[in-house]
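Subject: Structure for your review

Dear colleague,

Please find below the structure that I am handing over to you. My notes on it follow.

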Amino acid sequence: MPREAGACHLGIRLKRLGINSRSDHIIYMRDDCAVCRAEGFNAQARVRVDMGDRFIIATIHHVNSDLLTDGEASLSERAWEFLDASEGDCISLSHPALLESLRKVRGKIYGRAFEGDDLSTIVRDLTEGRYSDVETAAFITACSAQDLDGAERIALTKAMVDVGDRLEWSRTPVVDKHCIGGLPGNRTTPIIVSIVAANGLLMPKTSSRAITSPAGTADTMEVLTKVDLDLAAIRRVVASEGACLAWGGAVRLSPADDLLIRIERALDIDSDGQLVASVLSKKIAAGATHLVLDIPYGPTAKVRSLEAAEKLKASLLDVAAAFGLKAHAVLSDGTEPVGRGIGPALEARDVLSVLRCEPDAPQDLRDRAITLAGCLLEMAGCVDAGAGAARATATLEDGCAFKKFEDICAAQGGLAKPPVAPHRWAVEATENGRVAGIDNRRIAQVAKLLGAPDAKAAGVLMMARVGDRVEVGAKLYEMHAETTGEMAYAQAYVDQNQDIIAVEVS
């Protein structure tokens, strides 16, 4: 990329301090160094860091101890990796050019619509690392407070596709599936992929990690097999098995989406406009031709009402059609968690239980997976209309789906056994009665306080469903944690929220 205008300082050498900022690019310099004094590089200022033919835009953090000398600087580990730098390398610093695209973000905050190539420019600046986490948060918040209209959603989707790689496949149809989320434990994807691929369809599935939930499909699959596959590995696995179950963040399919997801997770924001662009940009980039969408709705789901679900469905289908993607949406029950497990390892156990057709496998998870897999089989022409669910059921019951799942995992690195949490604590009914409701958001919060999704064995094991009759002392759910500290945090939350599972006294 061409260099930007600004003063340049050579001869600053890098010293590795081993600081992991996890996300933002950060440069560490003495607050009294000659460069900072000369250029007015104050703490939190943005600066361009060049090394060879690579550069980053980094945030300055000042050091006022002897960790660094006047002629030294250090970088966050993420910045070291991006620049492929080594200790002792020489860098140059300059003032970055003003970000014109931020004017468009500010305009959106005040109610002006994005026009022309506004979103294309914003997304390009974002993926090139020109936006700080704070500026990215401003963009996300602007698009949430002033939701994107139809034209903006199409423009954002196109911009997110254009900045990344695209996969092409030698045969069609290429099928995909996505759940809008907001429903703990709804881990249908591995089951659907196994059923569909066992029927000869191509399903190169890339999934995200959790945004605001206790687990995403990639988090759950990661306890079972390797998911951080590069493009070559994805192609190899798909060529061998007709499908994969990979983490989308390991490849550059809509890379802007991964940057947005990281900030959305911290903000606990997932607006409709960005959700539509996030979902569809990755499907388009992955080469999908047919897509089934699961939209759960309920009072404590991400989508709260049938009206909102219908509105989101229309938006998804409209944007999909603009890109020639054939899509079908299923509106599903979102009143309570699906399956028994909430958290990566616990959800993985549910997946294995369904695929192995174990007698006590969660029936609701099985039924949802069969319904959605059946839709894909019908859309792709494998079976006649109305016959998809029967074919999906047969593929499960004859063992073909589990065999395909085993083969996919073997191609990705082998099938592992899910870990088990060392600390458990049961929440019990304090009254006789009937389970009247389960708060999806708060039971998910319990799982996150227990450590999910980062602590893979952590989460919640559901032991009661809506409509069940319970007696005093009956277990409603069981909390699983990897540390006593996380268990204590979750217990304190539960003590303050006794009605996460509402029991009507009888």
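Predicted model: local features only at pLDDT ≥ 70, side-chain atom pairs only at ≥ 80, totals over all residues.

Which exposed residues does the face of H9 turned away from its buried side carry? That face carries Ala232 and Ala239. The mean pLDDT of the protein chain is 93, and 97% of its residues reach 70 or more. Over residues 1–8, however, pLDDT stays under 50; for this stretch the model has 22 contacts beyond four places in sequence.

Helix H9

Helix H9 comprises residues 231–241, and its buried residues are Ala233, Ile234, Val237, Val238 and Glu241. These residues lie on the same side of H9, because they cover an arc of only 130° around the axis. Their packing partners are helix H7 (189–198), strand E8 (203–207), strand E9 (243–247) and helix H16 (400–412). Just after H9 comes glycine 242, which takes a positive phi of about 80°.

Serine 207

One of the partners of H9, strand E8, contains serine 207. Is this serine buried or exposed? Its relative accessibility is 9%, so serine 207 counts as buried. Not counting residues up to four places away in sequence, serine 207 touches Thr189, Thr217, Ala218, Ala246, Trp247 and Gly248.

Helices H5 and H10

A further point concerns the pair formed by helix H5 (residues 133–145) and helix H10 (residues 255–267), whose axes come within 10 Å and cross at roughly 80°. The two helices H5 and H10 are therefore roughly perpendicular to each other. On the H5 side, the residues that meet H10 are Asp133, Thr136, Ala137, Phe139, Ile140 and Thr141; on the H10 side, their counterparts are Leu260, Arg262, Ile263, Glu264 and Leu267. By class, this contact of H5 with H10 has six nonpolar, two polar and three charged residues.

Cysteine 357

Finally, I would draw your attention to cysteine 357, which is found in the loop between helix H13 (344–355) and helix H14 (363–379). With a relative accessibility of 31%, cysteine 357 counts as partly exposed. Which residues is cysteine 357 in contact with, leaving aside its neighbours within four places in sequence? They are Arg366, Leu396 and Glu397.

With kind regards

Key:
Residues numbered from 1 in each chain as written. Heavy atoms only, no water. Buried < 20%, exposed > 50% of the residue type's maximum accessible area, 1.4 Å probe, protein only. Helix = DSSP H or I, 4+ residues; strand = E, 2+ residues; numbered from the N terminus. Arc of directions from axis to C-beta. Contact = heavy atoms within 4.5 Å. pLDDT = per-residue confidence, 0-100. Axes fitted to C-alpha atoms, helices over the stretch in contact; angles between N-to-C directions. Parallel < 35°, antiparallel > 145°, perpendicular 65-115°, else oblique. Nonpolar A, V, L, I, M, F, W, Y, C, P; charged D, E, K, R; others polar.
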